[in-house]
Amino acid sequence: MKDKNPDAAFLRLAIREARRGMERGEGGPFGAVIVRNGEVVGRGHNRVLGTNDPTAHAEIIAIRRAARKLGRFDLSDCEIYATCEPCPMCLAAILWARLGRAYFGCTRDDAARIGFDDRLFYDIVAGRRRPTVKMTPLGREDCLALFEAWRTKPDKTRY
């Protein structure tokens with residue numbers, strides 16, 4: 001039976017992707033699919049444990065795969081379906097990819113209740129807390145020269 005609600009069908013694909021990763025022991029219950037004009041162009045599940053990569057979140061993997069498949073970094077004509085509200089890192093990636101819309105199942109509070117508490121990151125982004133890593137400025141003049149070289153580069157691609 002064909003689903004009358006394509007959004008719900010795409011979310012179910014994200015759930016299936018998340019379950020696949022969980023069953024393989026690659027990471028938590030997070031899956032994502034990226035859709036363009038009704039077609040899945042990228043999918044991913046959490047692979048933090050499987051790759052020992054703390055950035056291997058479902059949304060990041062799905063964005064990388066969609067960008068590779070489409071041959072471009074601008075995914076503004078796409079939407080993402082994820083099993084959970086994006087963490088700040090994934091939200092930033094969604095914004096950098098310029099995705100047009102994000103659908104999600106569980107909330108950040110649901111995730112916190114099962115041990116995936118991103119409150120520290122949200123608090124830092126909101127300015128309520130300072131980063132826990134010591135931030136030290138270094139070599140600004142040399143880096144400014146690099147920035148100036150980029151600013152004046154005639155053949156650059158803006159992104």
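This is a predicted model: local features need pLDDT of at least 70, side-chain atom pairs count only at pLDDT 80 or more; totals for chains, interfaces and linings use all residues.
In which kind of crossing does H3 pass H4? Residues are numbered from 1 along each chain as its sequence is written, and side-chain values use heavy atoms, with hydrogens and water left out.

Helices (H or I, at least four residues) and strands (E, at least two) are DSSP runs, numbered from the N terminus. H3 covers residues 58–70 and H4 residues 88–96, and their axes come within 9 Å and cross at roughly 20°; axes here are lines fitted to C-alpha atoms, for helices over the stretch in contact, with angles from 0 to 180 degrees between N-to-C directions. That makes H3 roughly parallel to H4, a term for angles under 35 degrees. H3 passes H4 in a left-handed crossing, meaning that the near helix is turned anticlockwise from the far one by less than a right angle.

The contact (heavy atoms within 4.5 Å) is made by Glu59, Ile60 and Ile63 of H3 together with Met89, Cys90, Ala93 and Ile94 of H4. These residues divide into 6 nonpolar, no polar and 1 charged, where Ala, Val, Leu, Ile, Met, Phe, Trp, Tyr, Cys and Pro count as nonpolar, Asp, Glu, Lys and Arg as charged, and the others, Gly among them, as polar. Within H4, Pro88, Cys90, Ala93 and Ile94 are buried, that is, under 20% relative accessible area with a 1.4 Å probe, protein chains only. What covers the buried residues of H4 includes H3, strand S3 (79–84) and helix H6 (119–125). Just after H4, Arg98 takes a positive phi of about 60°.

S3 leads on to the sheet, which is open and has 4 strands in the order S2-S1-S3-S4, with mixed pairing; two strands pair if DSSP finds at least two bridges between them. S2 and S4 (101–106) stand at the edges with a single partner strand each, so one side of each is left without a neighbour in the sheet. The twist averages 15° from one strand to the next.

S1 (residues 31–36) and S2 run antiparallel and are joined by 6 bridges, forming a hairpin with 2 residues between them, where Asn37 in the turn has a positive phi of about 50°. Arg36 stands opposite Glu39 in S2, and the bridge partner of Val33 is Arg43. In S2 (residues 39–45), 5 of the 7 residues are buried, so the strand is largely enclosed by the rest of the structure. Helix H1 (residues 6–23) lies across S1, S2, S3 and S4, running at about 55° to S3.

Methods
Buried means under 20% relative accessible area, exposed over 50%, partly exposed in between (1.4 Å probe, protein chains only). Angles under 35 degrees count as roughly parallel, over 145 as roughly antiparallel, 65 to 115 as roughly perpendicular and the rest as oblique.
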